[in-house]
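User: Hi! Could you walk me through this structure with a few questions and answers?

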Amino acid sequence: MAAWIICLANFLSAITFTAFESLGVMYEQDEFFEGDPGAATLFWSKILCFVGVLGLVTNLFLYIPIVTAMGLKGSIAFGGVIASVGLFCISIPLNKWWYFGTGLFFVFGDNIMQTSCNTIITTVVDPSQFGYAIGMMTLAINIARAFGPFVFGPIYEHVSKTLPWSSNAVFKLIVVALCCSVKEKTQEAAEAAATGEAVKDDVPVQKERSIVKESSLATLKRALSNASSGGLLTPGASQEFGEASEFIFGL
């Protein structure tokens, strides 16, 4: 179940970046360049250049320290919130440089988040299922990339030019919630080990109590037998005391 949740999370996360790739140049052309495709394309190429450099720097130098400090789920939440804020800011068309900066802000968060989303699936399935799980996750991502433009294109053209960005900002937060809701195998193993240890620790205590009961009962029987043989108790009274003691120590 956890693996399917991660697949769904990656599907929603991939849709958001697909919207950025497919609608980004049209959005800046309509909002900042008065429909001039040449100027818009030139500016978009600059954005993509900086996006590539930022992604390289993030993955090579920043990602590992962030994951080490925050863990996988922490890095997903950190990157997801940044990406969500970036998308929401993109939906506010102030000027081209605002769009430039917020776009890079979104890409920075998305790089951290998406890398951890792709990695966390290996922590929720058995090693024997890695290939199948990663294959299904990749399928979900490819479906999102294939159908994302068909979903957001009509919305952009006929409903609102800013709705794809704001809706994807919400999708990013949903992805964070989905990824943080799953239990990793290490967490499940720790809980199972803690429960097993508690049960294991209780077994010697029960065994010790049983030994004490048996020893006390045997001692009492010997005392009653000696008392009966010494004339202190009749055999019938000794037998009655013995039965009563067995009942008491059996409780």
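User: Among contacts in the chain with a separation of 6 or more, what share comes from residues 24 or more positions apart?
Analyst: Happy to start there. This is a predicted model, in which local features need pLDDT of at least 70, side-chain atom pairs count only at pLDDT 80 or more, and totals for chains, interfaces and linings use all residues. Residues are numbered from 1 along each chain as its sequence is written, and side-chain values use heavy atoms, with hydrogens and water left out. With contact meaning heavy atoms within 4.5 Å, the share for residues 24 or more positions apart is 76%.

User: Which pattern does the chain follow along the sequence?
Analyst: Helices (H or I, at least four residues) and strands (E, at least two) are DSSP runs, numbered from the N terminus. The chain has seven helices and zero strands. Read in order, that gives α-α-α-α-α-α-α.

User: What percentage of the 251 residues counts as buried?
Analyst: Buried means under 20% relative accessible area, exposed over 50%, and partly exposed in between, with a 1.4 Å probe and protein chains only. By that cut-off, the buried part of the 251 residues is 37%.

User: Is N168 buried or exposed?
Analyst: N168 lies in helix α5, residues 163-181. Beyond its neighbours within four places in sequence, N168 is in contact with I15, T16, A19, L87 and F152. Its relative accessible area is 0%, so N168 is buried.

User: Which element gives the most to the lining of the largest pocket?
Analyst: On a 1 Å grid over the protein atoms alone, a pocket is an open set of points where a 1.4 Å probe fits, with protein on both sides within 12 Å along at least five of seven lines; lining residues have an atom within 4 Å of a point. The lining here is S13, A14, F17, D110, N111, Q114, T115, I141 and R145. Those giving two or more residues are α1 (2-32), α3 (96-120) and α4 (130-158). With four residues, the top contributor is α3.
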